[in-house]
Amino acid sequence: MKNMLMDIAKQNNFKIDADMSFNGKVDYAHKYVYNNLVQFPENAWLFEKYNICNFSDFYRASSINQNFPFYLQLENIWPSVKQVTEAIHNMGGVIILAHPY
């Protein structure tokens, strides 16, 4: 996912540090890209235009706002609820919804 987000940054001419290291064991792709973008004043317009004040705003926008440049259709990346449900049932598992509130 990090590569997809970095490709979006490059394609849209956002200022990024291509040499910034990414540790998938510690970093999350969205947080990595967000931290990379905010360090450059040239990217400030993005945060102003989409009212991005922090990482949570960035993550939400990239998950639900189809007009946001970093929007990713997560259904193309992760399995659907139906696919996960079928896999769990096929292996004899039971699905429990914890903490519904």
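Is Asn13 buried or exposed? Asn13 is exposed, with a relative accessible area of 70%, where exposed means over 50% relative accessible area, buried under 20%, and partly exposed in between, as found with a 1.4 Å probe on protein chains only. This residue lies in the loop between α1 and α2, the helices being DSSP runs of H or I with at least four residues, and strands runs of E with at least two, numbered from the N terminus. Although Asn13 is not a glycine, its phi is positive, at about 60 degrees. A positive phi, of about 55 degrees, is also found at Asn51, which is not a glycine either; Asn51 is placed in the loop between α3 and α4 and, at 56% relative accessibility, counts as exposed.

The model is a predicted one, in which local features need pLDDT of at least 70 and side-chain atom pairs count only at pLDDT 80 or more, while totals for chains, interfaces and linings use all residues. Residues are numbered from 1 along each chain as its sequence is written, and side-chain values use heavy atoms, with hydrogens and water left out. The mean pLDDT of the protein is 86, and 91% of its residues reach 70 or more, pLDDT being the predictor's confidence in each residue on a scale from 0 to 100. Confidence is lowest in helix α1 (residues 2-11), where the mean is 82, and highest in helix α5 (residues 81-90), where it is 94.

The interior was examined next. In soluble globular proteins, nonpolar side chains tend to be buried together. Helix α2 is largely enclosed by the rest of the structure, because 7 of its 10 residues are buried, namely Ala29, His30, Tyr32, Val33, Tyr34, Asn36 and Leu37. These buried residues of α2 pack against α1, α3 and α4.

Aromatic residues were then considered. The structure holds 10 aromatic pairs, a pair being rings of Phe, Tyr and Trp (its six-membered ring) with centres within 6.5 Å, counted as stacked if the planes are under 30 degrees apart, edge-to-face if over 60, and tilted for the rest. The rings of Phe55 and Tyr59 have centres 6.2 Å apart and planes at 40 degrees, so this pair is tilted. Phe55 and Tyr59 are 4 residues apart in helix α4 and are thus separated by about one helical turn, and Tyr59 is partly exposed, with a relative accessible area of 33%. The pair formed by Phe68 and Phe70 is also tilted, because the ring centres are 6.0 Å apart and the planes stand at 50 degrees. One aromatic cluster is formed by Phe14, Tyr34, Trp45, Phe47, Tyr50, Phe55, Phe58, Tyr59, Phe68 and Phe70.

Both Phe68 and Phe70 are buried, and Phe68, with 2% relative accessibility, lies in the loop between α4 and α5. Leaving aside neighbours within four places in sequence, Phe68 is in contact (heavy atoms within 4.5 Å) with Leu46, Tyr50, Ile52, Phe58, Ala61 and Ser62. The C-alpha atoms of Phe68 and Phe58, which are 10 residues apart along the chain, are separated by 9.3 Å. With residues up to four places away in sequence not counted, Phe70 touches residues including Leu5, Phe14, Val33, Phe58 and Ser62.

Ser62 lies in helix α4 and is buried, with a relative accessible area of 0%. The side chains of Ser62 and His30 are joined by a polar contact of 3.1 Å, a polar contact being a pair of N or O atoms within 3.5 Å in which, within protein, one must be able to donate a hydrogen and the other to accept it, residues adjacent in sequence counting only if both atoms are side-chain atoms. A search of the whole structure finds 1 salt bridge, defined as a side-chain nitrogen of Lys or Arg within 4 Å of a carboxyl oxygen of Asp or Glu. This salt bridge links Arg60 with Asp57, the closest N and O atoms being 3.4 Å apart. Arg60 and Asp57 are separated by about one helical turn, because they are 3 residues apart in helix α4 (residues 55-64), and Arg60 is partly exposed, with a relative accessible area of 48%.
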